Amino acid sequence: MAAKGGLGGKGLTALFTDNEENVKVEVKDMPTVEIPISEIDRNPNQPRKTFTDESLKEMASSISVYGVLQPLLLVKEPNGRYLIVAGERRFRAATIAGLKKVPAIIREFTDQQIQEISLIENLHREDLNAIEAAEGMRELMENHGLTQEEVALRIGKSRPYVTNTLRLLQLPSEVTEMVRKGELSPGHARALISIDDKEYLVNLAKQATDNKLTVREIENRVRLYFTRKAIPDGPRKTREMSVELKEMVNDMKRIFATKVKILGNDKKGRIIIDYFNEDDIDRIHALIQILKLNEKL
């Protein structure tokens with residue numbers, strides 16, 4: 001494949017100018033050809049894993065009447081077959097509709113570009129659930145050595161969007177599966193991230209879905225969890241750390257969005273702030289700079 005390097009989000013907007021599933025897009029200098037469906041392969045690294053039967057049948061019904069109005073984007077493989085870069089949902093629906101050929105644009109891309117374009121297409125059409133989006137971003141970072149800032153630039157999203165989406169992968173698998181299935185919203189899930197008790201976190205996530213709790217209600221329960229956790233067990237005379245000190249640590253956890261622990265008591269000890277990647281350090285540094293600025297005022 002001749003093309004090299006990544007593609008910026010802006011450079012791909014010509015490919016994905018619509019949010020509709022089957023709308024014709026005019027792309028200059030990209031001739032459309034008819035390719036037999038039998039010669040097309042799905043992309044095993046497609047970030048979108050969930051395709052509902054109902055939505056595919058609806059699109060297949062539209063395709064039966066109007067055909068595939070937006071071409072698939074394909075690359076030609078060394079074996080002579082074609083790999084889907086963008087348009088797998090249209091491909092599946094066209095197969096259901098019984099089409100023998102589909103319109104396609106054939107381009108040359110690197111593996112990194114294929115991964116970027118597949119992620120961009122789904123994000124721009126809001127086809128991905130938050131966990132699929134996070135996994136796609138993580139794969140770009142792990143497979144191609146990109147930073148969160150570089151991922152944000154390539155997919156046309158903000159750095160905070162990328163950071164907040166990736167943070168969802170810190171949740172237990174039971175909770176990420178609930179987000180993947182659409183049972184729990186990303187907002188609900190993000191409100192749970194600071195909880196360090198896995199069993200309580202999973203139970204609270206289930207309560208959110210069973211009782212249809214709002215994000216604000218979840219946030220209140222998380223605050224209550226940390227308030228209760230800050231109250232020491234046993235007689236007052238055995239307490240080594242005040243409630244105020246524990247509440248301060250819990251505030252730091254929420255503000256720094258990472259794990260914070262304290263060793264010692266009110267008179268002497270250490271506060272340990274964990275970081276798990278370069279972006280955690282950047283976020284903590286930015287908060288410290290804000291404090292320094294306020295100190296000068």
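Author: **The aromatic rings**

Both Tyr225 and Phe226 are buried, where buried means under 20% relative accessible area, exposed means over 50%, and partly exposed lies in between (1.4 Å probe, protein chains only). The model is predicted, so to speak of local features requires a pLDDT of at least 70, while side-chain atom pairs count only at pLDDT 80 or more, and totals for chains, interfaces and linings use all residues. Residues are numbered from 1 along each chain as its sequence is written, and side-chain values use heavy atoms, with hydrogens and water left out.

A pair of aromatic rings is described by the distance of the centres and the angle of the planes. Rings of Phe, Tyr and Trp (its six-membered ring) pair if their centres lie within 6.5 Å; planes under 30 degrees apart count as stacked, over 60 degrees as edge-to-face, and the rest as tilted. By this rule there are two aromatic pairs. One of them is the stacked pair of Tyr200 and Tyr225, at 4.8 Å centre to centre and with 15 degrees between the planes. This pair links distant parts of the chain, 25 residues apart: Tyr200 lies in helix 9 (residues 198-210) and Tyr225 in helix 10 (residues 215-229). Helices (H or I, at least four residues) and strands (E, at least two) are DSSP runs, numbered from the N terminus.

Tyr200 counts as partly exposed because its relative accessibility is 27%, whereas Tyr225, at 12%, counts as buried. Tyr225 also pairs with Phe226 in an edge-to-face arrangement, 5.0 Å centre to centre and with 70 degrees between the planes.

The charged end of Lys157 sits over the ring of Tyr161, 5.1 Å from its centre; a charge sits over a ring if NZ of Lys or CZ of Arg is within 6 Å of the ring centre and within 35 degrees of the ring normal.

Phe91 is found in helix 2 (residues 88-96). Phe91 counts as buried because its relative accessibility is 6%. Leaving aside neighbours within four places in sequence, Phe91 is in contact (heavy atoms within 4.5 Å) with Ile37, Ile40, Arg42, Leu72 and Ile84. Phe91 and Ile37 are 54 residues apart in sequence, and their C-alpha atoms are 7.9 Å apart.

As a setting for these residues, the chain has twelve helices and seven strands, and 42% of its 297 residues count as buried.
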